[in-house]
Amino acid sequence: MYKIIIVEDDIQIREELKILLENSGYIVEVIKEFNDVEEKILNSNSNLVLLDINLPDKDGYHICSKIRAVSKIPIIFVTSRNNSMDELNGIMIGGDDYIEKPYNIPILLARIKNILSRTYQKEEDEINVKYKDIVLNILDSTVSYKESKMELSRTEFKILYYLIKNSNRIVPRIDIVEYMWDNQLYIDDNTLSVNITRIREKLSQIHVKDLIETKRGQGYKLV
Amino acid sequence: MSLVKYIKDKILYILVYEIYCLFMVLYLDAINVGTSEIILITAITTFIAVFIMFLNYNKKNRIIKELKQTIDKLDEKYLIGEIMKKPSNCELLEYYKILKLANKSMLDKIAQSQRKQKEYKEYIESWVHEIKLPITSIDLYCNNNRNNITRKIIEENAKINNYVEQALFYARLDSVSNDYMIKKTSLNECVNNVISKNKNALIQNKIKIEIEDLDIKVYTDEKWLEFILNQIVINSIKYKSNSNGPIISIYQMENKENVCLYIKDNGIGIKSSEINRVFEKGFTGTNGRRNIKSTGIGLFLCKKLCDELGLVIQIESSESEYTIVKIIIPKYEYIR
């Protein structure tokens, strides 16, 4: 699991961002006192820094250049300053990315993920996702159960993937639709129903029956 | 300054001179000066008077001509007081002093209003910067606690954010040229970011998105292009038709020099009588009046920013059928 450290002086944003990142599967540390921020970052053993520019003591650029002198830890500037000079400044000084507030949350998460996998290249990225005996293979977009295997379309695959990742709860239809949109698959409610039906058909061909249960008025749940 | 007008101005002097001549002739005649002497004296006096008047005219005319030429060459004509030569003539000197004074007070006023404008612009920028913090935290709160109400709040929050962005771009209009950064930009990414920004509104309004192969890179300012596309997509959502299932399709066509990006919707469209005016500032049209949320700023800003970036924006529509916005983006070799 990757660890992210947040340097942000707005308390509300800091706390909610922490929750968001923890929900996305990261370990999160926040900085609350803004003296010796560089030291704190370097001592925290984090894999990535989310760095605000306007900070009470020294600004983010200063902190970034201090860190760059000794470490290559990825730094993403997160700020509501948004003119091109600020952005250029951030990149010149050694920031890996520059994201404006209010950030688009899926985009923020995607950028964090990209930078982490680019920097660490540990094959921590999952290839297989398992639920009971059912295995989703991300590389060739297939679902397999025991010996049998079935190809899925990108949409079908993503839906099943999301359901498996959230198998501990009832997943509302709208959650699935939003997740698909975050992955550039712009489906609507009807298309979702069609795809669920298709997934069920394909699953039954590999002898998986009644995996996806419809909870009327609430959504879907894996059984 | 024509001679005739000058003479008309001096008519009082001439009249006084005539009367003086008349009295002089009468007087000379009374003291028995000979007729030929009287004629000679009168002729000489008149000659001298006319000569002086002519010299005077010539001099003033020359000064004024010079001044006219100088002001013609000036871009900012109000600066004439600063660069005109100081006249030696005492009458003109008074005018000169008055002009200087008037000029100085004008320059002070201009400087003052420029300073005010700059302060105001800086205030708007810092205000935008400040208000983005609560917008961000509202968005985070809602995303961490998703339900039907927070989804609505996210949608409204996105509207607030767009109005704030509009204010920022509007405030920067005069100084835009020093705030863009041309770089290699993925059209696909830009479009998907804009869709993502409007995700909640699009899903809530059951709008279908069709994106065709946009796998192309252009050289432009990413932030500006996204802002422009965002205005267009927001318009498509605002003016969707209620009768048929709303669709927004985005596609591109490419030729040797340009990439043309098309954003097409099947919304209520624009009247052909109004289509030429949609880029005007504050123009709301029939649709805007029917839909009170229109401000007439979005497309105005689009046009301004496109002009600045060297893009061409065109709009085509058929009422209650469709609207197509076309943005022509030159490939980088052709950027001015």
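1. The model is predicted. Phi of K206(B) is near 50 degrees, a positive value in a residue that is not glycine.

2. D36(A) is found in the loop between β2 and α2 (37-43) of chain A. Is D36(A) buried or partly exposed? With 15 C-beta neighbours inside 10 Å, D36(A) counts as partly exposed, because that class lies between the limit of 12 or fewer for exposed and 20 or more for buried.

3. A further backbone feature concerns a peptide bond. The bond that joins K101(A) and P102(A) is cis, with omega at about -5 degrees. P102(A) belongs to the loop between β5 and α5 of chain A. As background, most residues other than glycine have a negative phi, and most peptide bonds are trans.

4. The overall composition of chain A is as follows. Chain A contains eight helices and 11 strands. Its C-alpha atoms fill a box of roughly 60 × 35 × 30 Å along the principal axes. Of the 223 residues in chain A, 30% are buried. Among contacts in chain A between residues at least 6 apart in sequence, 54% join residues at least 24 apart.

5. For chain B, the assignment gives domain 1 (3-106) and domain 2 (186-334). The centres of domain 1 of chain B and domain 2 of chain B, again over C-alpha atoms, are separated by 67 Å.

6. One sheet of chain A is parallel. Its five strands form an open sheet in the order β2-β1-β3-β4-β5. The edges are held by β2 (27-31) and β5 (97-100) of chain A, each with a single partner strand, so one side of each has no neighbour in the sheet. From one strand to the next, the twist averages 20 degrees. Strand β4 (residues 75-79) of chain A runs parallel to β5(A) and is joined to it by four bridges; F77(A) stands opposite Y98(A) in β5(A). Helix α1 (residues 11-23) of chain A lies across β1 (3-7) and β2 of chain A, and runs at about 165 degrees to β2(A).

7. Another open sheet of chain A has antiparallel pairing, with four strands in the order β6-β7-β8-β9. Which strands stand at its edges? They are β6 (128-131) and β9 of chain A; each has a single partner strand, so one side of each is left without a neighbour in the sheet. The twist in this sheet averages 20 degrees from one strand to the next.

8. Within that sheet, strand β8 (residues 142-145) of chain A and strand β9 (residues 148-151) of chain A pair antiparallel over four bridges. V143(A) has M150(A) as its bridge partner in β9(A), and S144(A) stands opposite K149(A). Two residues lie between the strands of this hairpin, in which K146(A) takes a positive phi near 50 degrees.

9. The contact between the chains takes 27 residues from chain A and 25 residues from chain B. On the side of chain A that touches chain B, the elements that give two or more residues are α1, α4 (84-92), α5 (105-120) and α7 (173-182) of chain A. The largest share, six residues, comes from α1(A), the helix that lies across β1 and β2 of chain A. By type, this side of chain A divides into 13 nonpolar, six polar and eight charged residues.

10. In soluble globular proteins, nonpolar side chains tend to be buried together. Here the largest nonpolar core has 55 residues, of which I228(B), L229(B), C302(B) and L305(B) touch the most other members. A second, separate core has 29 residues, including I6(A), V37(A), V78(A) and L140(B).

Technical notes: Residues numbered from 1 in each chain as written. Chains lettered and ligands numbered in written order. Predicted model: local features only at pLDDT ≥ 70, side-chain atom pairs only at ≥ 80, totals over all residues. Domains from an automatic or database assignment. Core = buried A, V, L, I, M, F, W, Y, C linked by C-beta atoms within 7 Å. Pairing = 2+ DSSP bridges. Axes fitted to C-alpha atoms, helices over the stretch in contact; angles between N-to-C directions. Contact = placed C-beta atoms within 7 Å. Nonpolar A, V, L, I, M, F, W, Y, C, P; charged D, E, K, R; others polar.
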